[in-house]
Amino acid sequence: MNYQREFGRRLNVGIVGAGSHSYRNLLPAMTFLPVTVKAVCDIDLELARTTARQYGATGYGSTADLYANEELDAVFLCVSPRHHPGLAREAFEAGLHVWMEKPPAMRAQEVGEMIRRRGDRVCVVGFKKAFMPATDKAVELFKDGEFGPIRSVLGVYPMDIPSGGEQVLRDGVHTNWLANGCHPLSFLIAVGGRVSGVIVHRGVHGGGVCVLEYASGAIGTLHLAEGASSSQPVESYSIFGTNAWMTIDNCNRVTLQRGIPFEYGQTVSFAPAGIESGAIVWEPQNMLGTLENMALFTQGMVAEMRYFCDCVLGGVSAERGSLEFALHLMEVYEAALVSEHTKIAIAE
(Lines give C-alpha, C1' and ligand atoms only; values in the text may rest on other atoms or scores of the structure.)
Protein backbone atom coordinates (compact mmCIF):
# COMPACT_ATOMS: atom_id res chain seq x y z
CA MET A 1 0.00 0.00 0.00
CA ASN A 2 1.27 3.45 -0.95
CA TYR A 3 0.03 6.92 -0.22
CA GLN A 4 -0.21 9.62 -2.88
CA ARG A 5 2.90 11.42 -1.69
CA GLU A 6 4.97 8.21 -1.98
CA PHE A 7 4.33 7.34 -5.64
CA GLY A 8 7.16 8.04 -8.05
CA ARG A 9 4.85 8.09 -11.08
CA ARG A 10 1.53 9.88 -10.92
CA LEU A 11 -1.30 10.74 -13.26
CA ASN A 12 -2.37 14.35 -13.65
CA VAL A 13 -6.12 14.18 -13.15
CA GLY A 14 -9.19 16.35 -13.10
CA ILE A 15 -12.33 15.74 -11.05
CA VAL A 16 -15.59 16.49 -12.87
CA GLY A 17 -18.39 16.87 -10.36
CA ALA A 18 -17.86 18.34 -6.88
CA GLY A 19 -21.12 17.32 -5.24
CA SER A 20 -21.63 15.52 -1.94
CA HIS A 21 -20.65 12.03 -3.12
CA SER A 22 -17.54 13.29 -4.88
CA TYR A 23 -16.47 15.29 -1.82
CA ARG A 24 -17.17 12.49 0.68
CA ASN A 25 -15.68 9.59 -1.27
CA LEU A 26 -13.77 10.35 -4.49
CA LEU A 27 -11.61 13.17 -3.24
CA PRO A 28 -10.63 11.48 0.05
CA ALA A 29 -9.70 8.35 -1.94
CA MET A 30 -7.13 10.38 -3.89
CA THR A 31 -4.87 10.16 -0.80
CA PHE A 32 -4.26 6.50 -1.66
CA LEU A 33 -3.84 6.81 -5.45
CA PRO A 34 -0.90 7.59 -7.77
CA VAL A 35 -2.40 10.91 -8.88
CA THR A 36 -1.95 14.64 -8.70
CA VAL A 37 -5.28 16.45 -8.59
CA LYS A 38 -4.79 19.36 -10.98
CA ALA A 39 -8.35 20.61 -11.29
CA VAL A 40 -11.93 20.33 -10.05
CA CYS A 41 -14.79 21.10 -12.43
CA ASP A 42 -18.44 21.71 -11.60
CA ILE A 43 -21.28 23.72 -13.12
CA ASP A 44 -21.29 25.55 -9.79
CA LEU A 45 -18.06 27.46 -10.39
CA GLU A 46 -17.75 28.76 -6.84
CA LEU A 47 -18.14 25.24 -5.45
CA ALA A 48 -15.48 24.01 -7.88
CA ARG A 49 -13.08 26.78 -6.86
CA THR A 50 -13.65 26.29 -3.13
CA THR A 51 -13.13 22.53 -3.42
CA ALA A 52 -10.10 22.91 -5.68
CA ARG A 53 -8.36 25.27 -3.26
CA GLN A 54 -8.50 22.56 -0.59
CA TYR A 55 -6.43 20.30 -2.87
CA GLY A 56 -4.12 22.96 -4.29
CA ALA A 57 -5.87 22.69 -7.64
CA THR A 58 -7.73 25.00 -10.01
CA GLY A 59 -11.50 25.26 -10.24
CA TYR A 60 -13.42 25.33 -13.52
CA GLY A 61 -17.06 25.81 -14.45
CA SER A 62 -16.95 23.83 -17.70
CA THR A 63 -15.04 20.88 -19.11
CA ALA A 64 -14.27 22.94 -22.22
CA ASP A 65 -12.30 25.41 -20.09
CA LEU A 66 -10.76 22.54 -18.13
CA TYR A 67 -9.39 20.80 -21.21
CA ALA A 68 -8.26 24.05 -22.81
CA ASN A 69 -6.15 25.05 -19.82
CA GLU A 70 -4.89 21.85 -18.19
CA GLU A 71 -2.62 19.07 -19.39
CA LEU A 72 -4.27 16.00 -17.96
CA ASP A 73 -3.84 12.26 -18.28
CA ALA A 74 -7.28 11.29 -16.99
CA VAL A 75 -10.55 12.52 -15.56
CA PHE A 76 -12.78 11.17 -12.84
CA LEU A 77 -16.46 11.73 -13.64
CA CYS A 78 -18.95 11.90 -10.79
CA VAL A 79 -22.20 13.33 -12.14
CA SER A 80 -25.64 12.08 -13.14
CA PRO A 81 -25.66 9.03 -15.45
CA ARG A 82 -27.55 11.22 -17.92
CA HIS A 83 -24.32 13.16 -18.46
CA HIS A 84 -21.73 10.38 -18.33
CA PRO A 85 -21.94 9.40 -22.03
CA GLY A 86 -21.48 12.95 -23.30
CA LEU A 87 -18.72 13.78 -20.85
CA ALA A 88 -16.92 10.50 -21.55
CA ARG A 89 -17.08 11.12 -25.29
CA GLU A 90 -15.66 14.62 -24.81
CA ALA A 91 -12.85 13.27 -22.64
CA PHE A 92 -12.01 10.50 -25.13
CA GLU A 93 -11.85 13.09 -27.91
CA ALA A 94 -9.43 15.09 -25.74
CA GLY A 95 -7.24 11.99 -25.51
CA LEU A 96 -7.97 11.34 -21.83
CA HIS A 97 -8.53 8.15 -19.87
CA VAL A 98 -11.83 8.04 -17.99
CA TRP A 99 -13.03 6.71 -14.67
CA MET A 100 -16.74 7.27 -14.07
CA GLU A 101 -19.03 6.63 -11.15
CA LYS A 102 -21.84 4.13 -11.51
CA PRO A 103 -24.31 3.93 -13.17
CA PRO A 104 -22.52 4.55 -16.47
CA ALA A 105 -25.57 5.72 -18.43
CA MET A 106 -29.35 5.59 -18.64
CA ARG A 107 -29.44 2.89 -21.33
CA ALA A 108 -27.27 -0.01 -22.42
CA GLN A 109 -27.03 1.37 -25.96
CA GLU A 110 -25.29 4.47 -24.60
CA VAL A 111 -22.60 2.26 -23.09
CA GLY A 112 -22.21 0.56 -26.46
CA GLU A 113 -21.64 3.96 -28.02
CA MET A 114 -18.98 4.79 -25.42
CA ILE A 115 -17.19 1.57 -26.34
CA ARG A 116 -17.16 2.65 -29.98
CA ARG A 117 -15.79 6.08 -29.03
CA ARG A 118 -13.21 4.89 -26.50
CA GLY A 119 -10.40 4.08 -28.92
CA ASP A 120 -7.25 3.04 -27.04
CA ARG A 121 -8.19 4.92 -23.86
CA VAL A 122 -8.73 3.14 -20.55
CA CYS A 123 -12.20 3.43 -19.06
CA VAL A 124 -13.37 1.94 -15.75
CA VAL A 125 -16.81 2.29 -14.16
CA GLY A 126 -17.00 2.52 -10.37
CA PHE A 127 -18.88 -0.68 -9.57
CA LYS A 128 -17.45 -0.79 -6.06
CA LYS A 129 -19.17 -4.04 -5.04
CA ALA A 130 -17.20 -5.81 -7.79
CA PHE A 131 -13.97 -4.59 -6.14
CA MET A 132 -14.69 -5.31 -2.47
CA PRO A 133 -12.18 -7.46 -0.55
CA ALA A 134 -15.14 -9.77 0.14
CA THR A 135 -15.74 -10.11 -3.60
CA ASP A 136 -12.08 -10.88 -4.21
CA LYS A 137 -12.25 -13.65 -1.59
CA ALA A 138 -15.38 -15.15 -3.17
CA VAL A 139 -13.76 -15.19 -6.62
CA GLU A 140 -10.55 -16.66 -5.20
CA LEU A 141 -12.27 -19.56 -3.46
CA PHE A 142 -15.21 -20.32 -5.73
CA LYS A 143 -15.02 -18.93 -9.23
CA ASP A 144 -11.45 -20.01 -9.85
CA GLY A 145 -10.60 -21.85 -6.62
CA GLU A 146 -10.79 -25.18 -4.88
CA PHE A 147 -14.47 -24.99 -3.92
CA GLY A 148 -15.79 -24.29 -7.41
CA PRO A 149 -17.57 -24.43 -9.64
CA ILE A 150 -20.29 -22.16 -8.30
CA ARG A 151 -23.67 -23.87 -8.19
CA SER A 152 -25.78 -20.91 -7.06
CA VAL A 153 -25.54 -17.39 -5.65
CA LEU A 154 -28.02 -15.54 -3.44
CA GLY A 155 -28.11 -11.80 -2.89
CA VAL A 156 -30.35 -9.83 -0.52
CA TYR A 157 -30.74 -6.10 -1.08
CA PRO A 158 -33.37 -3.63 0.23
CA MET A 159 -35.02 -2.38 -2.94
CA ASP A 160 -37.73 -2.94 -5.52
CA ILE A 161 -37.86 -3.14 -9.31
CA PRO A 162 -40.63 -0.88 -10.63
CA SER A 163 -43.32 -2.29 -12.87
CA GLY A 164 -44.00 -0.76 -16.28
CA GLY A 165 -40.38 -1.17 -17.29
CA GLU A 166 -40.92 -0.43 -20.97
CA GLN A 167 -42.34 2.98 -20.05
CA VAL A 168 -39.52 3.59 -17.59
CA LEU A 169 -36.98 2.99 -20.36
CA ARG A 170 -38.85 5.10 -22.93
CA ASP A 171 -39.25 8.03 -20.54
CA GLY A 172 -35.70 7.78 -19.19
CA VAL A 173 -36.81 7.64 -15.56
CA HIS A 174 -33.94 7.55 -13.08
CA THR A 175 -35.26 4.88 -10.71
CA ASN A 176 -33.64 3.37 -7.63
CA TRP A 177 -33.21 0.16 -9.65
CA LEU A 178 -30.82 2.13 -11.87
CA ALA A 179 -29.18 4.17 -9.11
CA ASN A 180 -28.58 1.32 -6.65
CA GLY A 181 -29.55 -1.92 -8.37
CA CYS A 182 -26.15 -1.89 -10.02
CA HIS A 183 -24.59 -2.61 -6.60
CA PRO A 184 -25.94 -6.15 -6.12
CA LEU A 185 -25.89 -6.80 -9.87
CA SER A 186 -22.21 -5.92 -10.12
CA PHE A 187 -21.41 -8.37 -7.31
CA LEU A 188 -23.56 -11.14 -8.80
CA ILE A 189 -21.98 -10.74 -12.24
CA ALA A 190 -18.42 -10.34 -10.93
CA VAL A 191 -18.74 -13.59 -8.96
CA GLY A 192 -21.11 -15.64 -11.10
CA GLY A 193 -20.03 -14.57 -14.57
CA ARG A 194 -22.03 -13.79 -17.67
CA VAL A 195 -25.83 -13.90 -17.46
CA SER A 196 -27.84 -15.55 -20.25
CA GLY A 197 -31.37 -14.98 -18.97
CA VAL A 198 -33.35 -12.91 -16.43
CA ILE A 199 -36.74 -13.49 -14.82
CA VAL A 200 -38.38 -11.12 -12.30
CA HIS A 201 -41.30 -12.00 -10.05
CA ARG A 202 -42.81 -9.08 -8.15
CA GLY A 203 -44.70 -9.37 -4.88
CA VAL A 204 -48.13 -7.82 -4.42
CA HIS A 205 -46.89 -5.79 -1.47
CA GLY A 206 -43.56 -4.85 -3.04
CA GLY A 207 -40.24 -6.60 -3.39
CA GLY A 208 -39.82 -9.92 -5.15
CA VAL A 209 -37.03 -11.89 -6.77
CA CYS A 210 -34.77 -11.35 -9.76
CA VAL A 211 -33.50 -14.70 -11.05
CA LEU A 212 -30.28 -14.75 -13.07
CA GLU A 213 -29.52 -17.73 -15.29
CA TYR A 214 -25.76 -17.79 -15.73
CA ALA A 215 -24.14 -18.95 -18.96
CA SER A 216 -22.11 -21.37 -16.81
CA GLY A 217 -25.27 -23.21 -15.79
CA ALA A 218 -25.31 -21.75 -12.26
CA ILE A 219 -28.32 -19.87 -10.95
CA GLY A 220 -28.43 -16.53 -9.14
CA THR A 221 -31.23 -15.10 -7.04
CA LEU A 222 -31.47 -11.47 -6.00
CA HIS A 223 -34.01 -11.21 -3.22
CA LEU A 224 -35.57 -7.74 -3.42
CA ALA A 225 -36.06 -6.95 0.25
CA GLU A 226 -38.16 -3.84 -0.35
CA GLY A 227 -39.62 -2.59 2.91
CA ALA A 228 -36.48 -3.21 4.95
CA SER A 229 -34.74 -0.08 6.16
CA SER A 230 -31.73 0.73 4.02
CA SER A 231 -30.00 2.09 7.13
CA GLN A 232 -29.84 -1.43 8.58
CA PRO A 233 -27.34 -4.14 7.55
CA VAL A 234 -29.76 -5.89 5.17
CA GLU A 235 -27.34 -6.46 2.29
CA SER A 236 -25.92 -9.98 2.23
CA TYR A 237 -24.68 -12.61 -0.23
CA SER A 238 -24.26 -16.38 -0.20
CA ILE A 239 -22.19 -18.40 -2.66
CA PHE A 240 -22.70 -22.15 -2.88
CA GLY A 241 -20.00 -24.29 -4.45
CA THR A 242 -18.61 -27.77 -3.92
CA ASN A 243 -18.33 -28.95 -0.31
CA ALA A 244 -18.43 -25.38 0.99
CA TRP A 245 -20.46 -22.18 0.99
CA MET A 246 -19.69 -18.59 1.84
CA THR A 247 -21.72 -15.77 3.34
CA ILE A 248 -20.94 -12.07 3.12
CA ASP A 249 -22.80 -9.94 5.67
CA ASN A 250 -22.92 -6.15 5.52
CA CYS A 251 -20.04 -6.28 2.99
CA ASN A 252 -17.39 -6.73 5.69
CA ARG A 253 -17.90 -10.08 7.39
CA VAL A 254 -16.97 -13.11 5.28
CA THR A 255 -17.67 -16.61 6.56
CA LEU A 256 -16.58 -19.78 4.75
CA GLN A 257 -18.53 -22.82 5.89
CA ARG A 258 -16.60 -26.02 5.18
CA GLY A 259 -18.77 -28.38 7.22
CA ILE A 260 -17.52 -31.02 9.67
CA PRO A 261 -16.82 -34.74 9.30
CA PHE A 262 -20.32 -36.17 9.63
CA GLU A 263 -22.03 -39.52 9.77
CA TYR A 264 -25.76 -39.45 10.40
CA GLY A 265 -26.66 -41.00 13.73
CA GLN A 266 -23.01 -41.46 14.67
CA THR A 267 -21.26 -38.05 14.86
CA VAL A 268 -21.32 -36.68 18.40
CA SER A 269 -19.14 -33.54 18.23
CA PHE A 270 -19.71 -30.37 16.22
CA ALA A 271 -16.09 -29.35 16.92
CA PRO A 272 -13.87 -32.24 15.86
CA ALA A 273 -10.10 -32.19 16.31
CA GLY A 274 -7.97 -30.13 13.96
CA ILE A 275 -8.59 -26.99 11.93
CA GLU A 276 -9.34 -28.53 8.54
CA SER A 277 -13.14 -28.33 8.98
CA GLY A 278 -15.70 -25.90 10.32
CA ALA A 279 -15.96 -22.20 9.57
CA ILE A 280 -13.38 -19.53 8.76
CA VAL A 281 -14.27 -15.90 9.37
CA TRP A 282 -12.64 -12.78 7.94
CA GLU A 283 -13.66 -9.33 9.15
CA PRO A 284 -11.97 -5.95 9.65
CA GLN A 285 -10.60 -5.07 13.06
CA ASN A 286 -11.58 -1.78 14.66
CA MET A 287 -9.13 -1.48 17.54
CA LEU A 288 -6.55 0.39 15.42
CA GLY A 289 -6.68 3.50 13.26
CA THR A 290 -5.70 1.62 10.13
CA LEU A 291 -6.97 1.10 6.59
CA GLU A 292 -8.71 -2.27 6.27
CA ASN A 293 -11.63 -1.10 8.42
CA MET A 294 -12.31 2.10 6.45
CA ALA A 295 -15.40 2.14 4.23
CA LEU A 296 -13.27 3.45 1.35
CA PHE A 297 -11.54 0.05 1.42
CA THR A 298 -14.20 -2.38 2.67
CA GLN A 299 -16.67 -1.11 0.05
CA GLY A 300 -14.14 -1.28 -2.78
CA MET A 301 -13.92 2.40 -3.70
CA VAL A 302 -10.15 2.78 -3.39
CA ALA A 303 -9.63 -0.58 -5.14
CA GLU A 304 -11.69 0.37 -8.20
CA MET A 305 -9.86 3.68 -8.63
CA ARG A 306 -6.44 2.18 -7.97
CA TYR A 307 -7.16 -0.48 -10.58
CA PHE A 308 -7.99 2.25 -13.09
CA CYS A 309 -4.77 4.13 -12.33
CA ASP A 310 -2.68 0.97 -12.55
CA CYS A 311 -4.16 0.13 -15.96
CA VAL A 312 -3.36 3.61 -17.28
CA LEU A 313 0.17 3.64 -15.87
CA GLY A 314 0.78 0.10 -17.09
CA GLY A 315 -0.59 0.78 -20.57
CA VAL A 316 -3.06 -2.13 -20.39
CA SER A 317 -6.77 -2.33 -21.10
CA ALA A 318 -9.19 -2.69 -18.21
CA GLU A 319 -10.97 -5.97 -17.65
CA ARG A 320 -12.61 -5.45 -14.26
CA GLY A 321 -15.23 -2.72 -14.26
CA SER A 322 -14.68 -2.18 -17.98
CA LEU A 323 -17.21 -0.69 -20.37
CA GLU A 324 -17.85 -4.22 -21.62
CA PHE A 325 -18.69 -5.28 -18.06
CA ALA A 326 -20.87 -2.17 -17.74
CA LEU A 327 -22.67 -2.95 -21.00
CA HIS A 328 -23.56 -6.44 -19.84
CA LEU A 329 -24.72 -5.16 -16.46
CA MET A 330 -26.95 -2.61 -18.17
CA GLU A 331 -28.38 -5.36 -20.39
CA VAL A 332 -29.27 -7.32 -17.23
CA TYR A 333 -30.71 -4.16 -15.65
CA GLU A 334 -32.96 -3.54 -18.67
CA ALA A 335 -34.01 -7.19 -18.93
CA ALA A 336 -35.10 -7.16 -15.28
CA LEU A 337 -37.12 -3.99 -15.86
CA VAL A 338 -39.17 -5.47 -18.70
CA SER A 339 -39.55 -8.99 -17.33
CA GLU A 340 -43.10 -9.55 -16.14
CA HIS A 341 -42.77 -13.10 -14.80
CA THR A 342 -41.25 -14.10 -18.13
CA LYS A 343 -37.69 -14.98 -19.07
CA ILE A 344 -35.75 -12.35 -21.03
CA ALA A 345 -32.81 -13.85 -22.90
CA ILE A 346 -29.56 -11.89 -23.14
CA ALA A 347 -27.58 -12.47 -26.33
CA GLU A 348 -23.87 -13.22 -26.31
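At what angle do α9 and helix α12 (residues 323-338) pack, and how far apart are their axes? The angle is about 115°, and the axes of α9 and α12 are 10 Å apart. Axes here are lines fitted to C-alpha atoms, for helices over the stretch in contact, and angles run from 0 to 180 degrees between N-to-C directions.

Before I continue, a word on the source. This is a predicted model, in which local features need pLDDT of at least 70 and side-chain atom pairs count only at pLDDT 80 or more, while totals for chains, interfaces and linings use all residues. Residues are numbered from 1 along each chain as its sequence is written, and side-chain values use heavy atoms, with hydrogens and water left out. Helices (H or I, at least four residues) and strands (E, at least two) are DSSP runs, numbered from the N terminus.

Let me stay with α9 and α12. α9 passes α12 in a right-handed crossing; a crossing is right-handed if the near helix is turned clockwise from the far one by less than a right angle, and left-handed if anticlockwise. On the α9 side, the contact (heavy atoms within 4.5 Å) is made by C182, L185, S186, I189 and A190. On the α12 side, F325, H328, L329, V332 and Y333 take part. These residues divide into eight nonpolar, two polar and no charged. In this division, Ala, Val, Leu, Ile, Met, Phe, Trp, Tyr, Cys and Pro count as nonpolar, Asp, Glu, Lys and Arg as charged, and the others, Gly among them, as polar.

Helix α6 (residues 133-143) packs with helix α9 (residues 182-192) at an angle of about 30°, the axes being 9 Å apart. The two are therefore roughly parallel, a label for angles under 35 degrees; over 145 is roughly antiparallel, 65 to 115 roughly perpendicular and the rest oblique. α6, too, passes α9 in a right-handed crossing. T135, A138, V139 and K143 of α6 meet F187, A190 and V191 of α9. This contact comprises five nonpolar residues, one polar and one charged.

How many of the eleven residues of α9 are buried? Eleven of its eleven residues are buried, where buried means under 20% relative accessible area, exposed over 50%, and partly exposed in between (1.4 Å probe, protein chains only). Among them are H183, P184, L188 and G192. Just after α9, G193 takes a positive phi of about 95°.

I turn now to the aromatic rings. Rings of Phe, Tyr and Trp (its six-membered ring) pair if their centres lie within 6.5 Å; planes under 30 degrees apart count as stacked, over 60 as edge-to-face and the rest as tilted. By this rule there are ten aromatic pairs. In one of them, Y3 and F32, the ring centres are 5.8 Å apart and the planes stand at 45°, so the pair is tilted. Y3 lies in the segment before β1 (11-16) and F32 in the loop between α1 (20-29) and β2 (35-41), so the pair ties together parts that are 29 residues apart in sequence. Y3 is partly exposed at 32% relative accessible area, whereas F32 is buried at 7%. Ring pairs link Y3, F32 and F297 into a cluster.

Another tilted pair is F142 with F147, at 6.1 Å centre to centre and 40° between the planes. F142 is buried, with a relative accessible area of 0%, and F147 is buried at 12%.
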